[in-house]
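Subject: Structure for your files

Hello,

The structure you asked about is below, followed by notes on what was found in it. Please read them side by side.

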Amino acid sequence: MSIWVLHLLPNCLAYPQLQLQTRRKQIPSIWRKPILKSFPFLASASSASFPPAEYPEQLPETRPKRKKQIAGIDQDELQDPALLADPDSCFCEFKGVQIHHKIYDSESLATNLSEEGDSSRSPNANKKVNIPMILLHGFGASIYSWNRVMKPLAQVTGSKILAFDRPAFGLTSRLNHVNHSSQGSEDTRPLNPYSMVFSVLATLYFIDFLATEKAILVGHSAGSLVAVEAYFEAPERVAAIILVGPAILAPLNSGPVAKDNPSGKSNQTEGDDLEVNSNGNWFTTVVSILSKLSQYLGRAIMRLVKGMGDMINYLYKKALSTFLRSTIGIMLVRMIIDKFGLAAVRNSWYDPKQVDDHVLQGYTKPLRAKDWDRALVEYTVAMLTDSASESKPPLSKRLREISCPVLIVTGDSDRLVPPWNSERLSRAIPGSCLEIIKNCGHLPHEEKVEEFVSIVDRFLERVFGLRKEPHLQPAT
């Protein structure tokens, strides 16, 4: 009996914790009481029916591991952006970044039309402005946002239309490491690819890339900021600006403000403030000295407070940047995109029901690229800590310096950038014209393609004195 018990004991001890894969013979009932009597601790570890009639043949099948998804896109197998490119995609290197872009030109379109048997549109009839156009997408968008209007705009301008993905968006390469060191001068420090300066320089680079002296810049939403900043960087390279749903905060009032003296006070030095009229009596002299001294001390205190505010602001930005770059910060960004990404796309349309799976796939495709989340974090950090923009006057005070033709297009039902902001922006930019499209949201170039192209066509005709020609029908 002892040999049988020693043989059975290991299985009895293991059963309460594990289910064995192999089938065991049923223990004869005649041995149950002797076993429990000899080993009473087994009784507490067993069930009322111990031992069971038989063990299961195998472990139950484990459930398949659930794939991680962000906005419906699997995150387990992310790819290099170049592997996600379309047949008409192009890549070029600018300052170490592989920039994804697409080009359409009227000559190739006219050739395709003639090959398809449409000889009514000859290349000469389509040539109009003959100035290339560069399209700048908004936050969270990409070249896909311009797909429906690139060919019609090429037909309207009679020239090349180029759209490119700014770093952190689309299929432009993501950098695994960005130099965050503040040491060294601005000339020797590497250029942050996620900064506004990089986007501006990339825009000017593509003007040279198209082998032209000037280009028409078209910016949508946050891309409007890039278009305007590119103009201020090189106004001689910009023939006209078209702002679509511009995410540019318009000034509350458009009254002229002196650049060097916004307060309107006299440019008197601090030493002069303390000078008094010696011809007065002693009482007025003392009061005047005390008054001037209090003003001097007040300004000194204000400078001290401002300096402390700047230091606190710097420390705040530094702490926020560190948090965003941490694992928790990246997880937070992923959660926000997963929670609100698709909703933001739908809210950009006047009728969210028109946002089909094809549109959603176009906007979420970049989420398949490696390091998309880290790049988005770096872009956000760059917006918060862009020292170059802080060294310049606020954009709202520079809008009146724009002298090239400007067209502003907005939807009357834009939920992201309200139409009243575009109206104020139009008043702030001298000579600009405003067009409001009815029953349209934040994406006129996607939702109202034909009307948008027609507005651009009329604008170019008025600005450049051209006669109106028929153009391609918008892509569907």
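Ala71 is buried, with a relative accessible area of 10% (buried means under 20% relative accessible area, exposed over 50%, partly exposed in between, with a 1.4 Å probe and protein chains only). Ala71 sits in the loop between strand 1 (69-70) and strand 2, and has a positive phi of about 55° although it is not a glycine. Ser221 also has a positive phi, near 55°, and is a residue other than glycine. Ser221 is in the loop between strand 7 and helix 8 and, at 11% relative accessibility, counts as buried.

This is a predicted model, in which local features need pLDDT of at least 70 and side-chain atom pairs count only at pLDDT 80 or more, while totals for chains, interfaces and linings use all residues. Residues are numbered from 1 along each chain as its sequence is written, and side-chain values use heavy atoms, with hydrogens and water left out.

Overall

The protein chain has 18 helices and 10 strands. Helices (H or I, at least four residues) and strands (E, at least two) are DSSP runs, numbered from the N terminus. Of the 476 residues of the protein chain, 40% count as buried. The chain exposes about 27300 Å², and carbon and sulfur atoms supply 55% of that area; accessible areas come from the Shrake-Rupley method with a 1.4 Å probe, and for residues only the protein chains shown count as cover. Among contacts between residues at least 6 apart in sequence, 76% join residues at least 24 apart, where contact means heavy atoms within 4.5 Å.

An open sheet is formed by 8 strands in the order 3-4-6-5-7-8-9-10, with mixed pairing. Strand 3 (90-94) and strand 10 (433-437) are at the edges and have a single partner strand each, so one side of each is left without a neighbour in the sheet. From one strand to the next, the twist averages 25°. Two strands pair if DSSP finds at least two bridges between them. Strand 9 (residues 406-411) and strand 10 run parallel and are joined by 5 bridges; Val409 stands opposite Glu435 in strand 10.

Which strands does helix 8 lie across? Helix 8 (residues 223-233) lies across strand 5 (133-136), strand 7 (215-220) and strand 8 (238-244), and runs at about 160° to strand 8. Helix 16 (residues 419-428) lies across strand 8, strand 9 and strand 10, at about 165° to strand 9. Axes are lines fitted to C-alpha atoms, for helices over the stretch in contact, and angles run from 0 to 180 degrees between N-to-C directions.

Salt bridges

The structure holds 7 salt bridges, each being a side-chain nitrogen of Lys or Arg within 4 Å of a carboxyl oxygen of Asp or Glu.

- Lys102 and Asp86 meet through their side chains at 2.8 Å, N to O. Lys102 lies in strand 4 (residues 97-105) and Asp86 in the loop between strand 2 (73-74) and strand 3, so the pair ties together parts that are 16 residues apart in sequence. Lys102 counts as buried at 4% relative accessibility, whereas Asp86 counts as partly exposed at 29%.
- Asp208 forms a salt bridge with Arg237, with the closest N and O atoms 2.8 Å apart. Asp208 is in helix 7 (residues 196-209) and Arg237 in the loop between helix 8 and strand 8, so parts 29 residues apart in sequence are tied together. Asp208 counts as partly exposed at 48% relative accessibility, and Arg237 as buried at 19%.
- Arg398 and Glu229 meet in a salt bridge at 3.0 Å, N to O. This pair links distant parts of the chain, with Arg398 in helix 15 (residues 395-398) and Glu229 in helix 8, 169 residues apart. Arg398 counts as buried at 9% relative accessibility, and Glu229 is buried with a relative accessible area of 12%.

Salt bridges that share partners also join Asp86, Asp88, Lys102 and Lys365 into one network.

Surface

Phe323, Ile328, Leu332, Ile336 and Phe340 make a nonpolar surface patch of about 470 Å². Patches are made of residues with over 30% relative accessible area and no salt bridge: like charges are joined within 9 Å, nonpolar side chains (Val, Leu, Ile, Met, Phe, Trp, Tyr) within 5 Å. Helix 11 (residues 327-347) gives the largest share of the nonpolar patch, 4 residues. Leu332 is found in helix 11 and, at 37% relative accessibility, counts as partly exposed.

Regards
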